[in-house]
Amino acid sequence: MTLATNMRRYWIFYVMMAPGVLFLIFNNYIPMLGTVIAFKNVNYADGIINSPWVWFDNFKYLFKTSDAWIITRNTLLYNISFIILNMIVPVAFAIMLNEMKNKLMAKFHQAVIFLAYFLSMVVVSYLVYGFLHDTHGFVNTSIMKWLGLEPLQWYFETKIWPFLLPIINTWKNVGYYTVLYLAAIIGIDDEYYEAATIDGASKWQQIKSVTIPLLMPTIIVLTLLQIGRVFYADFGLFFQVPRESGPLFPVTNVIDTYVYRTFIAMGDIGLSSAAGLYQSLVGFILVFLSNWFVRRVDKDSALF
Amino acid sequence: MQTEMSKSGSNPFNAISPTANTIINIGFMLYTIACLLPILLIVMVSLSNEQDVLTKGYSFIPNQIDFTAYKFLFTDWQQILRSYGVTIFVTIAGTILSLIIMALYAYPISRTDFPHRKFFTFFIFFTMLFNGGLVPWYLVYVNMLNLRDNIWALVLPLLVSAFFVLVIRTFFQSTIPVAILEAAKIDGASEMLIFFRIVTPLSLPVLATVALFSTVNYWNDWFLSLVFITDDKTLSIQYLMYKMLLNIQFLASNSNAASAIAAAGGQVSFPNETVRMAMAIMGIGPIVFAYPFFQKYFVKGLTVGAVKG
């Protein structure tokens with residue numbers, strides 16, 4: 001088919017896609033080309049296009065600072081802990097909800113667990129603040145008193161946040177993954193359980209040798225999809241919940257917050273775009289690798 | 001899943017023991033309460049007396065119920081109303097526009113006879129793999145499109161999600177029989193007519209799911225305000241909440257009530273703590289009230305496999 005007949009026959013398709021194409025060009029493709037500013041020393045006198053090339057100077061500078069190591073470590077370690085918790089807790093929740101005798105209660109619990117998923121991170125930061133504020137917060141004014149402990153400056157204590165953030169993240173996302181795993185469990189054919197009961201398998205044995213093995217493809221796919229994004233942090237969680245408390249930066253600064261702060265707060269375009277490109281490139285490789293694994297497990301679930 | 005919650009549990013001979021059932025029940029009960037307590041704490045603080053909060057701290061049981069915080073908020077109703085206006089406009093305009101744009105993009109790439117289908121699928125798919133990062137993206141919106149402090153800066157960046165476009169495309173491909181499309185074409189229907197009269201009505205489940213996600217995304221968004229909004233005119237509810245949590249004086253310094261008191265030389269201090277929590281309730285309220293109604297559609301949307309690439 002020649003281009004001309006193509007256009008005559010399908011011109012309306014191009015019209016339909018035009019708004020989307022326009023959006024993608026401005027929102028995605030021009031910024032992709034714009035990553036070249038990471039190799040420039042942008043100054044407003046010359047303008048972005050005419051600013052001088054400095055090639056890898058921004059990257060050299062970035063990796064000389066201790067920040068590069070801290071933000072990479074934080075991003076990876078937090079995401080790995082999130083991925084593990086997002087696997088274990090929702091699977092356990094889904095199995096238990098599925099076994100509950102009172103189905104109405106099970107539905108009620110599922111609904112409440114899912115609620116956190118729909119709260120914005122600003123709201124989450126309020127909820128945490130209500131508990132952790134140093135002079136009014138419920139933990140310091142009530143719980144610590146009952147336990148006979150001294151009040152703590154929660155927003156200054158670096159030791160606590162590596163435990164607190166995974167808990168908050170799990171609390172927020174467990175509902176979403178529970179829904180997905182529960183759907184997969186319900187999709188398991190009854191016959192497996194019937195056969196298992198005839199063989200005299202206890203409930204525990206059924207969970208171990210029927211439910212979990214049959215859930216494995218779903219678990220692997222959902223986990224690999226998260227691993228593909230292990231280099232991208234949840235900006236809201238790390239920006240809103242610690243309330244930008246400076247003393248906490250060593251344990252709350254991740255690549256995304258670093259990029260934001262060096263750019264918006266410090267105005268350092270070169271350093272910020274270098275960090276951004278570093279994230280995009282490593283992220284790209286990781287998505288590729290994880291997708292390659294997804295394809296090997298379940299072709300239909302692969303992104304590409 | 002709404003009708004049959006469980007399969008293994010549906011067989012009475014294969015149910016878990018009553019003890020295990022009780023333990024699971026109590027466990028979930030405790031967890032559910034733990035999920036709701038933080039919200040309850042905010043509600044209770046917003047209904048407390050400022051002086052009690054300052055002396056006793058945030059408490060689940062206020063000494064007395066006090067609506068002062070809400071009274072202060074409502075004397076400043078212009079700001080709240082304005083912020084709700086911004087959020088509602090952004091949510092409605094954004095959801096409608098994004099649904100139309102995404103469905104219009106998804107339809108051609110769902111048609112196997114469209115010769116450039118592969119190219120345009122890759123064109124949108126690639127944006128999921130690689131992105132330019134914050135700085136160039138920001139410069140496009142601010143320097144090229146001049147959208148700083150413009151309400152459209154809160155709408156445009158969230159219009160198209162590559163993931164949802166691919167979800168819609170898969171739905172079109174798997175549920176709409178090609179025979180129907182061909183029959184309509186033989187009857188002389190144009191592609192536009194086919195799209196609006198046949199394809200969209202048959203795809204309501206997936207379109208509704210995507211619209212719900214998009215509504216929640218727009219309603220909850222504060223990031224775009226953080227990046228693009230520098231004046232105080234275009235504050236969405238979420239961003240107003242964010243500013244109040246960060247800076248206790250934000251509403252106090254902008255409030256009519258406070259300035260009236262100051263002008264009269266009064267000594268009444270602004271009830272910061274309780275007003276802040278009352279503000280949070282204004283932001284949380286709509287989601288929590290609407291939640292029982294939309295929750296089951298999300299569960300349905302996720303479980304029919306509609307939201308899966």
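Me: Which residues is A:Trp161 in contact with, leaving aside its neighbours within four places in sequence?
Reply: In this predicted model, A:Trp161 is in contact with A:Tyr78, A:Leu132, A:Trp154, A:Tyr155, A:Pro166, A:Val241, A:Pro242, A:Leu248, A:Val251 and A:Thr252.

Me: Ok, and how many residues does the largest nonpolar core have?
Reply: That core has 191 residues. A:Trp161 and B:Tyr105 are the ones with the most contacts inside it.

Me: Let's switch to helices. At what angle do α5 and α8 of chain A cross?
Reply: Helix α5 (residues 103-115) and helix α8 (residues 161-186) of chain A cross at roughly 135°, and their axes come within 7 Å. So α5(A) and α8(A) are oblique to each other.

Me: Which residues meet there?
Reply: From α5(A) you have A:Gln110, A:Ile113 and A:Phe114. In α8(A) they meet A:Val174, A:Gly175, A:Tyr176, A:Val179 and A:Leu182. By class, that contact has six nonpolar residues, two polar ones and no charged ones.

Me: What about α1(A) and α9 of chain B, how do they pack?
Reply: α1(A) packs against helix α9 (residues 191-202) of chain B at an angle of about 55°, and the axes are 9 Å apart. That makes the two helices, α1(A) and α9(B), oblique. On the α1(A) side the contact is made by A:Ile12, A:Phe13 and A:Met16, and on the α9(B) side by B:Glu191, B:Met192 and B:Phe195. Sorted by class, α1(A) and α9(B) bring five nonpolar residues, no polar ones and one charged one to this contact.

Me: New topic: how many helices and strands does chain B have?
Reply: Chain B has 15 helices and zero strands. Of its 309 residues, 54% count as buried. Looking at contacts in chain B between residues at least 6 apart in sequence, 72% join residues at least 24 apart.

Me: Where does UniProt place the "transmembrane region" feature in chain B?
Reply: The unreviewed UniProt entry puts it at residues 28-47, 84-107, 119-139, 151-172, 193-219 and 275-294.

Me: How much helix is in residues 119-139 and how far apart are the ends?
Reply: Residues 119-139 of chain B are 81% helix and 0% strand, with the end C-alpha atoms 27 Å apart. For residues 151-172 of chain B, the figures are 50% helix and 0% strand, and the end C-alpha atoms lie 33 Å apart.

Me: And what does UniProt annotate at residues 72-290 of chain A?
Reply: The annotation there is "domain: ABC transmembrane type-1", again from an unreviewed entry. In the model, that span of chain A is 75% helix and 0% strand, and its end C-alpha atoms lie 19 Å apart.

Me: You mentioned α14 of chain A. Which helix holds A:Ser273, and is A:Ser273 buried or exposed?
Reply: A:Ser273 lies in helix α14 (residues 269-297) of chain A. With a relative accessible area of 6%, A:Ser273 is buried. Leaving aside neighbours within four places in sequence, A:Ser273 is in contact with A:Ile37, A:Ala38 and B:Val135.

Me: What follows α6(B)?
Reply: B:Asn146 does, and its phi is positive, near 55°. B:Asn146 sits in the loop between α6 (134-144) and α7 (162-175) of chain B. At 59% relative accessibility, B:Asn146 counts as exposed.

Me: Last one: is B:Thr19 buried or exposed?
Reply: B:Thr19 counts as exposed, at 54% relative accessibility. B:Thr19 is in helix α1 (residues 18-46) of chain B. B:Thr19 and B:Ala103 are 84 residues apart in sequence and 51 Å apart in space, C-alpha to C-alpha.

Note on methods
Residues are numbered from 1 along each chain as its sequence is written. Chains are lettered from A and ligands numbered from 1 in the order in which they are written. This is a predicted model: local features need pLDDT of at least 70, side-chain atom pairs count only at pLDDT 80 or more; totals for chains, interfaces and linings use all residues. Side-chain values use heavy atoms; hydrogens and water are left out. Axes are lines fitted to C-alpha atoms, for helices over the stretch in contact, and angles run from 0 to 180 degrees between N-to-C directions. Helices (H or I, at least four residues) and strands (E, at least two) are DSSP runs, numbered from the N terminus. Angles under 35 degrees count as roughly parallel, over 145 as roughly antiparallel, 65 to 115 as roughly perpendicular and the rest as oblique. Contact means heavy atoms within 4.5 Å. Ala, Val, Leu, Ile, Met, Phe, Trp, Tyr, Cys and Pro count as nonpolar, Asp, Glu, Lys and Arg as charged, and the others, Gly among them, as polar. UniProt positions are given in the numbering used here, feature names are shortened, and annotations may be inferred rather than shown by experiment. A nonpolar core is a set of buried Ala, Val, Leu, Ile, Met, Phe, Trp, Tyr and Cys residues joined through side-chain atoms within 4.5 Å. Buried means under 20% relative accessible area, exposed over 50%, partly exposed in between (1.4 Å probe, protein chains only).
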